[in-house]
Amino acid sequence: MLTGQLGPYQLVKKIAVGGMAEIYRAIVPDTEPLRQVAIKVIHPNNSEDPDFVRMLLDEARLAVRLKHPNIVTTYDLGKDKEQYYLVMELVEGVDLFRLEQRATDLRLSIPVPLCAYIARELARGLHFAHELADPAGKPLQVVHRDVSPQNVLLSYEGAVKLTDFGIAKAEGRSEQTQLGIIKGKYYYMSPEQAAGEPLDRRTDIFACGILLYEMLAGEMLYFDQNIERLLDKVRKAEVPQIVRRRPDTPQELERIMMRALRRKPDDRYNIIFEFGRQIADLGAACKCVSNLERRIRFDIAHHPKRQRRLVVKF
């Protein structure tokens with residue numbers, strides 16, 4: 001664990017740990033009021049790996065272009081001695097994985113309106129990334145490839161933000177994935193991703209469908225501790241009817257989700273904008289999705305005295 005100063009930033013507290021990096025809350029000095037940021041600090045052994053450093057530089061070059069309310073903002077890439085780090089927006093809240101785990105622990109279902117809201121906001125951020133172009137107007141063909149609960153941040157003020165474009169596929173990246181190489185979390189892969197086939201934006205659409213299913217059902221779409229059996233399930237993409245696990249799911253919301261989860265990419269939405277728009281349109285006709293813009297607070301995450309509340313405030 002690092003302490004003290006990192007470059008110009010004052011580290012305050014470690015807030016997350018991953019296999020490749022640690023995330024710290026930090027203060028930007030000489031700001032009034034003091035501005036706080038999140039700093040992704042790369043493990044020292046990874047800083048010595050040239051391939052990893054190239055991947056980090058690619059992530060930083062892409063991330064600084066991604067300025068959107070539904071994407072975590074990246075401010076800076078730094079190096080202190082041999083320690084690489086990324087400076088990012090600090091999101092006060094929880095990730096979707098934590099929300100799902102807490103709801104499971106308390107034997108609660110995440111409200112249908114909240115599930116729909118998160119999926120819609122996530123779609124907005126991904127659409128921006130998918131449509132990103134270089135200064136000459138050439139599409140960068142960005143594909144996130146790791147849309148998963150751990151990478152969806154939920155602020156206490158109701159914002160939904162996608163993070164971690166570390167393995168994203170984009171034109172112009174120095175580190176390109178070879179055909180047959182699988183990157184991403186197996187549980188949230190599309191069938192073509194699990195097969196090591198070429199990917200486009202529709203693999204992210206499939207992942208969004210998985211997240212919506214998981215939020216509604218209160219359980220993972222696929223689960224198997226054996227990797228080969230798990231990948232076989234992912235490639236087959238057999239999706240149980242959501243109403244068997246969540247009877248209060250509106251039929252139209254289920255239809256939208258199931259189209260995103262079709263096994264063949266050509267049978268899914270061509271652009272994630274349509275996925276999000278149809279959820280938004282559902283809100284105009286169905287109270288289950290309307291009025292969610294005003295305020296959301298995830299009380300079960302950090303308030304022990306109110307642990308049994310999973311509240312959507314209007």
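The stops that follow concern a pair of helices, a loop residue and a sheet in a predicted model.

**First stop: two helices.** Select helix H4, residues 112-130, together with helix H6, residues 202-217. Their axes lie 10 Å apart, and the helices pack at an angle of about 165 degrees. Angles over 145 degrees count as roughly antiparallel, and H4 and H6 are therefore roughly antiparallel to each other. The crossing in which H4 passes H6 is right-handed.

Next, display the side chains at this contact. On H4, the contributing residues include Val-112, Ala-116, Leu-122 and His-130; on H6, they include Asp-204, Cys-208, Leu-211 and Met-215. The residues of this contact comprise 12 nonpolar, one polar and one charged.

**Second stop: a loop residue.** Proceed to Leu-140, in the loop between H4 and strand E8 (152-155). Is Leu-140 buried or exposed? Its relative accessible area is 10%, under the 20% limit, so Leu-140 is buried. From Leu-140 to His-130, the C-alpha atoms are 7.9 Å apart, with a separation of 10 residues in sequence.

Select E7, E8 and E9, which form an open sheet in the order E7-E8-E9 with antiparallel pairing. Strand E7 (93-95) and strand E9 (160-162) are the edge strands, each pairing on one side only. On average, neighbouring strands are turned by 25 degrees against each other, direction ignored.

Three bridges join E8 and E9 in the antiparallel sense; Leu-154 has Val-160 in E9 as its bridge partner.

Methods
Residues numbered from 1 in each chain as written. Predicted model: local features only at pLDDT ≥ 70, side-chain atom pairs only at ≥ 80, totals over all residues. Heavy atoms only, no water. Axes fitted to C-alpha atoms, helices over the stretch in contact; angles between N-to-C directions. Helix = DSSP H or I, 4+ residues; strand = E, 2+ residues; numbered from the N terminus. Parallel < 35°, antiparallel > 145°, perpendicular 65-115°, else oblique. Left-handed = near helix turned anticlockwise from the far one by under 90°. Contact = heavy atoms within 4.5 Å. Nonpolar A, V, L, I, M, F, W, Y, C, P; charged D, E, K, R; others polar. Buried < 20%, exposed > 50% of the residue type's maximum accessible area, 1.4 Å probe, protein only. Pairing = 2+ DSSP bridges.
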